[in-house]
Amino acid sequence: MFVRKNQKIAVAVVSFGIVATLLTGGRTAQSVLKLPLNLAHEDSPICNFSKNSSRGRIFRQCKLLVRDESTMSHKKAIEALNRTLQDLRDSTDTMGGIVVLLAGDFRQTLPVIQRGTPTNEIRACIKSSSLRAKVGKFSLKTNMRVHKSPVTALSTRYI
């Protein structure tokens, strides 16, 4: 909210369409990032949009990307986003220098791998990504559902 309030671009994406309806301007990661459908079978996947597209221009100006339910995503989706943002912004910084908030709960469903074993699911998890070492971990301490003014508390404390 703070980013958008200051007339900057913030993008919110989730893994599933039902959750996207709960976010203001929220959409699925697949539709916004144009991720390849066969992530697990590609060595170095990238998002399917160009630097000169309107989507590319938006991501060059973007200040914040919020990815909810990221724990359910294949690690190659996060890595594809990293490569794409670095290319779009001509930067070697992680995620092209954009602040990316990956939210999720590892106690929920891990990535689903067709005909995969539990070992395949763990290998596909974002915890096994090479980007893991570059990520800061934060835990929420306040239950925002029972807090009196959750929007104010969230915007001042975490964003």
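Helices (H or I, at least four residues) and strands (E, at least two) are DSSP runs here, numbered from the N terminus. The model is predicted: local features need pLDDT of at least 70, side-chain atom pairs count only at pLDDT 80 or more, and totals for chains, interfaces and linings use all residues. Residues are numbered from 1 along each chain as its sequence is written, and side-chain values use heavy atoms, with hydrogens and water left out.

**Stop 1: S73.** Select S73, in the loop between β3 and α5. Is S73 buried or exposed? It is buried, at 5% relative accessible area (buried is under 20%, exposed over 50%, partly exposed in between; 1.4 Å probe, protein chains only). Now show R67. A polar contact of 2.4 Å joins the side chains of S73 and R67 (a pair of N or O atoms within 3.5 Å; within protein, one must be able to donate a hydrogen and the other to accept it, and residues adjacent in sequence count only if both atoms are side-chain atoms). Not counting residues up to four places away in sequence, S73 also touches S15, P111, A124 and I126 (contact means heavy atoms within 4.5 Å).

**Stop 2: R123.** Move to helix α6, residues 118-124, which holds R123. R123 is exposed, with a relative accessible area of 54%. Beyond four places in sequence, R123 is in contact with K75 and S128. Select P111 too: the C-alpha atoms of R123 and P111 are 9.5 Å apart, at 12 residues along the chain.

**Stop 3: the core.** Next, select V11, L33, L35, F59, L65 and L85. Of the 22 residues in the largest nonpolar core, these touch the most other members (a nonpolar core is a set of buried Ala, Val, Leu, Ile, Met, Phe, Trp, Tyr and Cys residues joined through side-chain atoms within 4.5 Å). At least two residues of this core come from each of β1 (9-14), α3 (29-33), β3 (62-67) and α5 (75-88). The most come from α5, with six residues. Centre on F59. Its contacts, leaving aside neighbours within four places in sequence, include V11, V32, F49, R89 and I98.

**Stop 4: two positive phi values.** Which loop holds D90? The one between α5 and β4 (99-102). D90 has phi near 50°, positive in a residue other than glycine. D90 is exposed, at 64% relative accessibility. Go on to R115, in the loop between β4 and α6. Phi of R115 is near 50°, again positive in a non-glycine residue. R115 counts as exposed, at 79% relative accessibility.
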